[in-house]
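Subject: Structure handover

Hi there,

Here is the structure I promised to pass on to you. My notes on the helix packing, the ligand site and the backbone follow below it.

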Amino acid sequence: MSGFPGVRPRRLRSSAAMRRLVAETTLEPRQLILPMFIREGAREPIAISSMPGVYQHTRDTARKAVAEAAQLGLGGVMLFGVPTSKDPEGSGALDPDGILNVAIRDAVSEAGDDLLVMSDLCLDEFTSHGHCGVLDSAGRVDNDATLAIYAEMGVAQASAGAHIVGPSGMMDGQVGAVRTALDGAGFQDTVILAYAVKYASAFFGPFREAVGSSLTGDRKTYQQDPSNARDAIREVDLDVAEGADIVMVKPALAYLDIIRQVRDHVNVPVAAYNISGEYAMVEAAAANGWIDRERAILETLTSIRRAGADMILSYWAAEAVHLLR
Ligand code: PBG
């Protein structure tokens, strides 16, 4: 008997149909975005050992994955390029024939209007030193010189057909610089999904393998300190003022409190990135038989939605649709 006569919360948990009726949080295909890696020159998909089940795609298998994503009703795909050669300026990012711009064109031609094609707007995959921007003579990441390149990169991606560009390098002023450049080139309708809040996280580890990163050291002078929450609100305010259409929090799981604060603070859609290390943790534990993989996947995605994310980037996006059926 509960403390108050007749009050029994368990009544609403008594059957699957009852639980479905009162479920507060939904998880739908349209809310899921699949990040994809496309490797220049690859003849067959290459497995990423720290992300079991995720591959560096060939152009051909990427097209197939895009078609499947559209068919499943996903919200979109987020494309990352893995180039064969890199230089200090990351010039492959601007080249219309660079792997990311080529992959964008492929994806747009494959998916048509059925799926939103998004592209990572950052230099780290293209620079020989692996930083998200270019370096000054002292070897520091040069914020303003990088902005000029991001502006051109945004136009290159929009020209390739990207519906949404995702500036992720955490340079100050990046959203404004990209917005101004897009508008100047006639791309007023290209949406900016700003990685507004991005923490210097250990959970990005497997991604470094996924893109063949050249980075030594860390990104602590531009990505945020995990101790700080107010800094996230400051970053979000700046990005919205600069013209961000959607703001993202990243990583997701160790930052669910930040997702909630951002959702309560802004009036634009909020995305969260369920990143590589979060994927790897679940996959590793499941591979050891320590957790139920499929339940853990859905519980993870539901928790991110419950925290306030309107949409989630997840390497499980396509599989989750099958699990939801
Ligand atoms: C930067 C970028 C990174 C990720 C997405 N965009 C890497 C980083 O900032 O170190 C990480 C995504 C993941 O870990 O799944 N181009």
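The crossing of α4 and α5 is right-handed, a term used when the near helix is turned clockwise from the far one by less than a right angle, with anticlockwise counting as left-handed. Helices here are DSSP runs of H or I with at least four residues, strands are runs of E with at least two, and both are numbered from the N terminus. This is a predicted model, in which local features need pLDDT of at least 70 and side-chain atom pairs count only at pLDDT 80 or more, while totals for chains, interfaces and linings use all residues. Residues are numbered from 1 along each chain as its sequence is written, and side-chain values use heavy atoms, with hydrogens and water left out.

Back to that pair: the axes of α4 (residues 143-160) and α5 (residues 174-184) come within 8 Å and cross at roughly 45°. Axes are lines fitted to C-alpha atoms, for helices over the stretch in contact, and angles run from 0 to 180 degrees between N-to-C directions. The angle makes α4 oblique to α5 (under 35 degrees counts as roughly parallel, over 145 as roughly antiparallel, 65 to 115 as roughly perpendicular, and the rest as oblique). On the α4 side, the contact (heavy atoms within 4.5 Å) is made by Leu-147, Tyr-150, Ala-151, Gly-154, Val-155 and Ala-158, and α5 supplies Gln-174, Ala-177, Val-178, Ala-181 and Leu-182. These residues divide into 9 nonpolar, 2 polar and no charged (Ala, Val, Leu, Ile, Met, Phe, Trp, Tyr, Cys and Pro count as nonpolar, Asp, Glu, Lys and Arg as charged, and the others, Gly among them, as polar).

Met-170, in the loop between β6 (164-167) and α5, has a positive phi of about 60° although it is not a glycine.

Next, α2 (residues 59-72) and α3 (residues 99-111): their axes come within 9 Å and cross at roughly 40°, so the two are oblique to each other. Here too α2 passes α3 in a right-handed crossing. Arg-59, Arg-63, Val-66 and Ala-67 of α2 meet residues of α3 including Ile-99, Val-102 and Asp-106.

Now for the ligand, which is surrounded by 17 residues (each with a heavy atom within 4 Å). Among the closest are Asp-124, Lys-250 and Ser-276. Polar contacts (pairs of N or O atoms within 3.5 Å) include these:

- Asp-120: a polar side-chain atom lies 2.8 Å from a ligand nitrogen.
- Lys-198: a polar side-chain atom lies 2.7 Å from a ligand oxygen.
- Tyr-315: a polar side-chain atom lies 2.6 Å from a ligand oxygen.

Lys-250 also comes up in the backbone: its peptide bond to Pro-251 is cis, with omega near -10°. Pro-251 lies in the loop between β8 (246-250) and α8 (256-265).

Best wishes

Technical notes: Polar contact = N/O pair within 3.5 Å; in protein donor to acceptor, adjacent residues only side chain to side chain.
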